[in-house]
Amino acid sequence: MSFDLVIFDCDGVLVDSEVISCRAHADTLTRHGFPITPDGVLKRFLGVSDREARRIVESEIGRALPESFEAEVKHATLSFYANDLSAIAHVGDAIAALTLPKCVASSGTPEKIHHGLTCAGLYDQLAPHIFSAAQVKRGKPAPDLFLFAATQMAARPERCVVIEDSVAGVTGGCAAGMTVLGFYGGSHCTAEHEAMLREAGAAITFADMRQLPDLIARAGQKHGSIAGFSPV
Ligand SMILES: [Mg+2]
């Protein structure tokens, strides 16, 4: 057997957006008296929630960031997208080669997902099957968004394969009872990234989107074996 649905995360899987997000944070933080480089943002705040990052910054500068801080970061991110956002290498070809139904499940707002996919030239390949955390109660690492996407696409969770680049996303896909492939080819990924995705439960990890169609086929065979699924 094979899978009935492929669910793609967006940031770091379809669009190479994490580096841009770091730049937007670095610019905005620097303007507000916390000088930091994009690389510094990556090193200090990757995987840290926005709330916790804000608490750290505020305690270091000794005052609160303005109410508008998040809106400013968002504005900077979207304006960088237009000129600098690219698709993850070869992902367009990989999507085109997949004959299975596919959709997107992203923690971003609908506006950000739409803008990102459009700037990267991927929107037409995936629309209208694009789901946002805004449509569910709990975002990743909860399984809600993956389960919502599966329901909308009329697929059973155990027949879905998820492509994710973050620990929170891999955790959420596994919690939804889906097979998760961990991608670590985004330009923000460090050497430890692959091991983190495996620890979170990724059945297979890979860094080159040209491998994706074969890996999905391989994972599907394992998944359907008489002995049941075992990690590849
Ligand atoms: Mg991601």
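Q: Leaving aside neighbours within four places in sequence, which residues is Cys-160 in contact with?
A: This is a predicted model. Neighbours of Cys-160 within four places in sequence are set aside here. The contacts of Cys-160 are then Phe-3, Asp-4, Leu-5, Ile-7, Ala-150, Ala-155 and Met-178.

Q: Which residues have the most contacts inside the largest nonpolar core?
A: In soluble globular proteins, nonpolar side chains tend to be buried together. Here the largest nonpolar core has 60 residues. Those with the most contacts inside this core are Ile-7, Leu-14, Phe-146, Cys-160, Val-161 and Leu-181.

Q: Which helix gives the most to this core?
A: The core draws on both domains, with at least three residues from each of domain 1 and domain 2. The top helix contributes six residues and spans 18-31. That is helix α1.

Q: How far apart are the C-alpha centres of domain 1 and domain 2?
A: Domain 1 is made of 5-17 and 86-223. Domain 2 covers 18-84. Their C-alpha centres are separated by 25 Å.

Q: Which element gives the largest share of the side of domain 1 that touches domain 2?
A: Twelve residues of domain 1 are in contact with nine of domain 2. By class, the domain 1 side has two nonpolar, seven polar and three charged residues. Its largest share is four residues, from a helix at 110-119. That helix is α6.

Q: Which strands stand at the edges of the open sheet?
A: The sheet has six strands with parallel pairing, in the order β3-β2-β1-β4-β5-β6. From one strand to the next, the twist averages 25°. An edge strand has a single partner, so one side of it is left without a neighbour in the sheet. The edge strands are β3 (130-132) and β6 (204-206).

Q: What is the bridge partner of Ser-106 in β3?
A: Strand β2 covers residues 102-106 and runs parallel to β3. Three bridges join the two strands. For Ser-106, the partner in β3 is Ser-132.

Q: Is Thr-205 buried or exposed?
A: Thr-205 has its place in strand β6. Within 10 Å there are 20 other C-beta atoms. The cut-off for a buried residue is 20 or more. Thr-205 is therefore buried.

Q: What distance separates the C-alpha atoms of Thr-205 and Ile-163?
A: Beyond its neighbours within four places in sequence, Thr-205 is in contact with residues including Gly-182, Tyr-184 and Glu-194. Ile-163 is 42 residues from Thr-205 along the chain. The separation of their C-alpha atoms is 9.6 Å.

Technical notes:
Residues are numbered from 1 along each chain as its sequence is written. This is a predicted model: local features need pLDDT of at least 70, side-chain atom pairs count only at pLDDT 80 or more; totals for chains, interfaces and linings use all residues. Two strands pair if DSSP finds at least two bridges between them. Axes are lines fitted to C-alpha atoms, for helices over the stretch in contact, and angles run from 0 to 180 degrees between N-to-C directions. Domain bounds come from an automatic or database domain assignment. Two residues are in contact if their C-beta atoms, placed from the backbone, lie within 7 Å. Ala, Val, Leu, Ile, Met, Phe, Trp, Tyr, Cys and Pro count as nonpolar, Asp, Glu, Lys and Arg as charged, and the others, Gly among them, as polar. A nonpolar core is a set of buried Ala, Val, Leu, Ile, Met, Phe, Trp, Tyr and Cys residues joined through C-beta atoms within 7 Å. A residue is buried if 20 or more other C-beta atoms lie within 10 Å of its own, exposed if 12 or fewer, and partly exposed in between; C-beta atoms are placed from the backbone.
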